[in-house]
Amino acid sequence: MKRTKGIHHITSIVGNVQENVDFYSKVLGLRLVKITVNFDDPQTYHLYFGDKDATPGAVITFFPYEDAREGKIGNGQVGITSYLIPKGAAKFWEDRLNKFGVKYNKVKRFGEEFIQFQDPHGLQLELVERDGGNKNTWTVDDINPDVAIKGFAGAVLYSHFPESTAEVLEKLLGFERLGEEGDFIRFKSSADIGNIIDLKTTSMGRAITSLGTVHHIAWRADVEEDLLEWRSLVKENKFAVSDVRDRKYFKSIYFREKGGILFEIATDIPGFAVDEDKDFLGQKLMLPPQYEHMRPHLEETLTPIKLD
Ligand code: ZN
């Protein structure tokens with residue numbers, strides 16, 4: 001049976017691009033690893049943030065739409081994006097969130113304590129201390145590798161039909177079902193980050209996919225051959241699946257599972273250093289060949305981003 005290693009990236013819809021950059025790079029200390037455009041809507045930015053090496057399982061991406069209408073987090077979405085921090089780092093992060101005036105609360109699931117808060121556009125985030133993953137050596141401010149976010153801990157999924165979503169996670173994507181507690185079923189994949197999925201078994205109400213909500217979650221494939229095997233498997237399971245799309249930094253396929261969540265499966269390669277030196281990622285607008293002719297127009301119309 002095929003098993004995904006876990007989360008490849010998570011993509012969300014946000015508002016003002018500068019607020020997005022400032023929050024994820026300055027408050028959370030992630031590295032802006034790519035400034036490009038939405039390949040399906042090139043008038044809009046697509047920003048990628050990760051650890052220093054832009055590791056699969058650590059990459060969060062955003063479509064900033066300045067005038068998007070307010071979204072609502074609910075069924076058929078990733079409800080909460082979970083970040084992994086080293087053991088002993090929780091106090092540092094509570095102090096840091098306080099310093100930036102970010103309100104948080106603490107909840108427990110499966111014996112772990114989660115620090116939950118929202119980004120400036122209403123996305124629900126959480127931090128959890130857990131072993132696993134390499135230290136993130138991207139240092140910002142007083143965030144050092146002993147406390148820096150390593151990547152995703154996982155995600156909390158809200159589904160219209162939790163039983164169907166559970167079946168896709170376990171039977172199609174190859175997650176191991178670890179157990180149930182309260183309103184959650186916990187699943188685990190083989191990677192050591194981005195590997196724990198908590199599926200909520202009770203309804204979170206109707207969602208509006210817009211500002212402040214997750215657009216899709218991508219699972220890891222190795223190389224293109226592996227992606228094609230995944231595509232056949234998704235088809236065999238009677239899901240309508242997209243053709244293979246070339247996203248430059250990975251190749252991917254998309255399908256919507258029955259619980260309403262848009263799933264992508266994306267290759268680990270070639271990664272974000274394919275068009276920029278790895279030491280200078282995310283400092284200028286990178287365009288795929290098909291949009292290079294639009295550069296003068298885009299550089300004039302896209303909101304300039306202040307990087308420091
Ligand atoms: Zn994606």
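Of the 308 residues of the chain, 59% count as buried, where buried means under 20% relative accessible area, exposed over 50%, and partly exposed in between, with a 1.4 Å probe and protein chains only. The model is predicted: local features need pLDDT of at least 70, side-chain atom pairs count only at pLDDT 80 or more, and totals for chains, interfaces and linings use all residues. Residues are numbered from 1 along each chain as its sequence is written, and side-chain values use heavy atoms, with hydrogens and water left out.

**The whole chain**

Begin with a cartoon view of the chain, in which five helices and 16 strands are to be found. Helices (H or I, at least four residues) and strands (E, at least two) are DSSP runs, numbered from the N terminus. The radius of gyration is 18 Å, close to the 19 Å that the globule rule gives for 308 residues, so the chain is as compact as a globular protein of that length. This radius is taken over C-alpha atoms, and the rule is 2.2 Å times the number of residues to the power 0.38. Along its principal axes, the C-alpha trace spans about 50 × 45 × 35 Å.

Contact means heavy atoms within 4.5 Å. Among contacts between residues at least 6 apart in sequence, 68% join residues at least 24 apart.

Next, display the surface. The accessible surface comes to about 13300 Å², of which 49% belongs to carbon and sulfur atoms; such areas come from the Shrake-Rupley method with a 1.4 Å probe, and for residues only the protein chains shown count as cover. Colouring by charge will show 40 positive and 48 negative side chains, with the centres of the two sets 2 Å apart. Here Lys and Arg count as positive and Asp and Glu as negative, while His and the chain ends are not counted. The place of a charge is taken as NZ of Lys, CZ of Arg, CG of Asp or CD of Glu.

**The zinc site**

Select the zinc ion. Which residues are its protein donors? They are His9 (NE2), His216 (NE2) and Glu264 (OE), lying 2.0 Å from the ion. Donors are N, O and S atoms within 2.8 Å of the metal (3.2 Å for Na, K and Ca); water is not among the atoms, so sites may look incomplete. The spacing of the donor residues in sequence is H-x206-H-x47-E. Histidine 9 is buried at 2% relative accessibility, and glutamate 264 is buried at 0%.

Valine 14 is buried, its relative accessible area being 0%. Leaving aside residues up to four places away in sequence, valine 14 touches several others, among them Phe62, Phe63, Tyr65, His121 and Leu211.

Move to glutamine 77 in strand 5, a residue that is buried at 2% relative accessibility. The C-alpha atoms of glutamine 77 and valine 156 are 8.9 Å apart, and the two residues are 79 apart along the chain. Beyond residues up to four places away in sequence, glutamine 77 touches residues including Val156, Tyr158, Ile208, Val214 and Ile261.

Select helix 2 (residues 90-99), where Ala90, Phe92, Trp93, Glu94, Arg96 and Leu97 are buried. The buried residues of helix 2 pack against helix 1 (17-27), strand 5 (77-85), strand 6 (104-109), strand 7 (112-118) and strand 8. Glycine 101 follows helix 2 and has a positive phi, near 70°.

In helix 3 (residues 162-172), the buried residues include Pro162, Ala166, Val168 and Leu172. Just after helix 3 comes glycine 174, with a positive phi of about 80°.

**Backbone exceptions**

Most residues other than glycine have a negative phi, and most peptide bonds are trans. Select aspartate 141, whose phi is positive, near 60°. Aspartate 141 lies in the loop between strand 8 (124-129) and strand 9 (151-158) and is exposed at 56% relative accessible area.

Lysine 238 also has a positive phi, about 70°. The loop holding lysine 238 runs between helix 4 (224-236) and strand 14 (245-246), and lysine 238 is exposed at 74%.

Finish at proline 270 in strand 16. A cis peptide bond, with omega about 5°, joins isoleucine 269 to proline 270.
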